[in-house]
Amino acid sequence: MDDLGPDSWAATLTPRLAQFAVVARHEHVTRAARQLEMPQPTLSRSLARLEQDLGVALFARHGRTLSLTAAGRTFLAAVERALADVDRAAESVRADADPAAGKVAFGFLHTMGSETVPELLRAFRADHPRVRFQLVQNYGEAMIERLRDGDLDLCLTSPVPDAPDLVARRLDEQKLRLVVPEDHPLAVRRRIRLAEASAELFVTLQPGYGLRRITDALCAEAGFSPKIAFEGEDPETLRGLVAAGLGVGLLPPPAVARPGVVELTVTAPRAVREIGVAWLDGHPDTPPVAAFKRFLLSRRGQLLLHR
């Protein structure tokens, strides 16, 4: 076990337990008090109070020396493990908050994982090379819940959330396209009004996904409710279903062109999804989180490679 001196986090956070451990090691109150840099009478009173609170004698007294009782030995083993855990935890959270080498827990949509987020991290780490990232890919509602649970510091999501306990900033928007099989009658077109696809079968993300809400809203604005053939969790899987002739879909641009499909520009209604960054209101930022938040906000209007 590391030395429990006055600068130890364990000694600072749990003084009576740390005092007990030092006395147990020295088996002498005077020497323990010298190491702890505290008056001997104060240390003696602290030990007596600890034993009184426990209702158990931890030491047998032999003049100026002490020896652990059986109960004291059992208690010491648990205390030393606990103090070591406290030290490790304190050093861990201090390391995560280090301005130069701390940690950012960052969530983002699956569709931003292939290009957008790697490019963001590359650009940020040019000036912050030692900052570490815990990356979480999920759909919007799940990431918002993880923000609220304290598992994430920041998340990129769509639609931009509007909730009293969150702060959200719009960063960019991304055009959605109507994706059709390459042998579909509409594949000869370059542009389309969404109402022209009202009779088609759609492949969409599952309910709860932001893109699904946007798809439903755009179809409603175009005057119809989409006939859903397949629901999935990943836009590129949906693009594969379209290529297989199983429906059409409103999807963001792919990172890499997918064979077997044609992507049509939607002229009406305006088919876009807004991308924003969100964080928990009132939650204090560590220096690395604050730096990354400033960086994201500085990319407003320049976030996406494929727009």
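In this predicted model, proline 159 sits in the loop that runs between strand β5 and strand β6 (residues 166-175).

Helix α2 (residues 15-26) and helix α3 (residues 29-36) have axes that come within 8 Å of each other and cross at roughly 130°, which makes α2 oblique to α3. The crossing of these two helices is right-handed. On the side of α2, the contact is made by Gln19, Val22, Val23, Arg25 and His26, while α3 contributes Val29, Arg31, Ala32, Gln35 and Leu36. Sorted by class, the contact of α2 with α3 holds five nonpolar, three polar and two charged residues.

Helix α2 also packs with α4, at an angle of about 105° and with the axes 10 Å apart, so that α2 is roughly perpendicular to α4. Here Arg16, Leu17, Gln19, Phe20 and Val23 of α2 meet Leu43, Ser46, Leu47, Arg49, Leu50 and Asp53 of α4. The residues of this contact of α2 with α4 divide into six nonpolar, two polar and three charged.

| Helix pair | Crossing angle | Axis separation |
|---|---|---|
| α2 and α3 | roughly 130° | within 8 Å |
| α2 and α4 | about 105° | 10 Å |

The buried residues of α3 are Val29, Ala32, Ala33, Gln35 and Leu36, and because they cover an arc of only 160° around the axis, they lie on the same side of α3. These buried residues of α3 pack against α2, α4 (40-54) and β2 (65-68).

In helix α6 (residues 116-125), the residues Thr116, Val117, Leu120, Leu121, Ala123 and Phe124 are buried. Their arc around the axis is only 165°, and therefore they are on the same side of α6. Among the elements that cover the buried residues of α6 are β3 (103-108), β4 (132-137), β5 (154-157) and α10 (287-298).

**Two glutamates with positive phi**

Glutamate 27 is placed in the loop between α2 and α3, and its phi is near 55°, a positive value in a residue other than glycine. With a relative accessibility of 37%, glutamate 27 counts as partly exposed.

**The surroundings of alanine 195**

Alanine 195 is found in the loop between β8 (191-193) and β9 (201-205), and its relative accessibility of 30% is why alanine 195 counts as partly exposed. The C-alpha atom of alanine 195 is separated by 6.7 Å from that of glycine 223, although the two residues are 28 residues apart along the chain. When neighbours within four places in sequence are left aside, alanine 195 is in contact with Ala222 and Phe224.

Definitions and conventions. Residues are numbered from 1 along each chain as its sequence is written. This is a predicted model: local features need pLDDT of at least 70, side-chain atom pairs count only at pLDDT 80 or more; totals for chains, interfaces and linings use all residues. Side-chain values use heavy atoms; hydrogens and water are left out. Axes are lines fitted to C-alpha atoms, for helices over the stretch in contact, and angles run from 0 to 180 degrees between N-to-C directions. Helices (H or I, at least four residues) and strands (E, at least two) are DSSP runs, numbered from the N terminus. Angles under 35 degrees count as roughly parallel, over 145 as roughly antiparallel, 65 to 115 as roughly perpendicular and the rest as oblique. A crossing is left-handed if the near helix is turned anticlockwise from the far one by less than a right angle, and right-handed if clockwise. Contact means heavy atoms within 4.5 Å. Ala, Val, Leu, Ile, Met, Phe, Trp, Tyr, Cys and Pro count as nonpolar, Asp, Glu, Lys and Arg as charged, and the others, Gly among them, as polar. Buried means under 20% relative accessible area, exposed over 50%, partly exposed in between (1.4 Å probe, protein chains only). The arc is that of the directions from the helix axis to the C-beta atoms.
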